[in-house]
Amino acid sequence: MNKRALYVLLGVLVAQIALAVFTWWPRNATVEAGPLLPNLTTAQITALTVSDSDGHHVRLARSGEGWVLPEADDYPALSESVQEALNKLLAVTRAEVITETAASHIRLQVTADNYVRRIDLETSDGPAATLYLGSSLSYGDSNVRLADEDVVYRGTGLTPWEWGATAAGWVDTQYVNIALDEVTAVTILNGHGECMLTRTEAGGWALAGQAADDVLDEDAANTLVQQAATLRLTAPLSRTLDPAYGLDKPQATVTLRTAKGDTTVLVGAQQPDGGYAAKSSAAEYAVEISSYVAESLLNASVDTLRKAPETPTPTPAQ
């Protein structure tokens, strides 16, 4: 190969490398720091939907002065959390460009089918904007792209974790909240029968029907009471008790007694995603609780609360 041909090939190679660098290298250009959504205010936003690329989504809508979950019979959302998230989103500017080329979108996780979060904003006039939040550039920042633009910006102070794609990220998950030292008795009726724990004068627990030589497992008793008295939801369901919840024929009925009165929790059928429906007598809505906690209540019995007898240590032969 002559020198002229070699120089031509080297020139082509250099051009290809330069093109690749231009295409894939983040474009940290600084432009006029105008807002990413200049014609939108938080007060104008009437609804939003947050999705992830695993198929989860949650929709929130304004209701009076607050926010609710329309798909969960208008279950109340944490309105301050929604407002704070919107304030951060609308504070994102066009100050720092990460890339201007669509070829970088996959790597930055801001494509239409590969993203960390998709946020659809609505106003009273209808859809207002769709944004993709991608991989984090650094702690507290994200790649952000408007669906109708190729440019990706640095979303300073914006993280996908503040934009949960499930209802649990936007509501108070504490469903039953009774201080453990206020509980004077707990009765659980399930497929194994009935077991009842009552508070002793010493502050521990006594198990009804316990034989004289039985020893109560205090740790197991405390754990069981704690689970029932501080029940957390994994998803809100509805005010209307759908037959699919199985609450008309509950698998477990838990009664928590305090000086202020009784609170009853029904545990119903297992739901399609693995959790169980539950309904507290002190709450308006039925909710879903984790399978771990639900099955602890379903399996509780006198036997599970007894401490296993200690096996005597054999005496060494003399």
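Student: Which side chain of opposite charge is nearest to Arg145, and how far away is it?

Tutor: Bearing in mind that this is a predicted model, the nearest side chain of opposite charge is that of Asp150, at 4.9 Å. Arg145 is buried and yet has no salt bridge, because a salt bridge needs a side-chain nitrogen of Lys or Arg within 4 Å of a carboxyl oxygen of Asp or Glu.

Student: Where does Arg145 sit, and what lies 2.8 Å from a polar atom of its side chain?

Tutor: Arg145 belongs to strand S11, which covers residues 141-146, and the backbone oxygen of Glu149 lies 2.8 Å from a polar atom of the Arg145 side chain. Beyond four places in sequence, the residues that Arg145 touches include His105, Val110, Thr130, Leu131, Tyr132 and Asp150.

Student: Switching to the nonpolar core, which members of the largest one touch the most others?

Tutor: The largest nonpolar core has 70 residues, and those touching the most other members are Leu48, Leu69, Leu121, Leu131, Trp163 and Leu256. There is also a second, separate core of six residues, among them Ile98, Leu108, Val110 and Tyr115.

Student: Take Leu48, then: what is it in contact with, leaving aside neighbours within four places in sequence?

Tutor: The contacts of Leu48 include Val58, Leu60, Trp67, Val82, Leu86, Leu121 and Trp163, together with the charged residues Arg59 and Asp120.

Student: How many aromatic pairs are there?

Tutor: The count comes to three aromatic pairs. One of them joins Tyr115 and Tyr132 in a tilted arrangement, with 5.4 Å centre to centre and 40 degrees between the planes. That pair links distant parts of the chain, since Tyr115 is in strand S8 (residues 114-115) and Tyr132 is in strand S10 (residues 126-133), 17 residues apart. Tyr115 and Tyr132 are both buried.

Student: And why is the pair of Trp163 and Trp170 edge-to-face?

Tutor: The ring centres of Trp163 and Trp170 are 5.7 Å apart and their planes stand at 65 degrees, so the pair counts as edge-to-face, the cut-off being over 60 degrees. Both Trp163 and Trp170 are buried.

Student: New topic: is Gln174 buried, exposed or partly exposed, and where is it found?

Tutor: Gln174 counts as partly exposed because its relative accessibility is 22%, and it is found in the loop between strand S12 (152-156) and strand S13 (185-190). Leaving aside neighbours within four places in sequence, Gln174 is in contact with Thr230, Leu231 and Arg232. Gln174 and Leu231 are 57 residues apart in sequence, with their C-alpha atoms 6.4 Å apart in space, while the side chains of Gln174 and Arg232 make a polar contact at 3.0 Å.

Student: What about the backbone, say the phi of Asp74 and of Gln109?

Tutor: Asp74 has a positive phi of about 60 degrees although it is not a glycine, and Gln109, also not a glycine, has a positive phi near 60 degrees. Most residues other than glycine have a negative phi. Asp74 lies in the loop between strand S4 (66-69) and strand S5 (75-76), and Gln109 lies in the loop between helix H3 (105-108) and strand S7 (110-111).

Student: Finally, how many helices and strands does the protein chain have?

Tutor: The protein chain has six helices and 20 strands, and of its 318 residues 42% count as buried.

Definitions and conventions. Residues numbered from 1 in each chain as written. Predicted model: local features only at pLDDT ≥ 70, side-chain atom pairs only at ≥ 80, totals over all residues. Heavy atoms only, no water. Core = buried A, V, L, I, M, F, W, Y, C linked by side-chain atoms within 4.5 Å. Buried < 20%, exposed > 50% of the residue type's maximum accessible area, 1.4 Å probe, protein only. Contact = heavy atoms within 4.5 Å. Helix = DSSP H or I, 4+ residues; strand = E, 2+ residues; numbered from the N terminus. Polar contact = N/O pair within 3.5 Å; in protein donor to acceptor, adjacent residues only side chain to side chain. Phe/Tyr/Trp six-rings, centres within 6.5 Å; stacked < 30°, edge-to-face > 60°.
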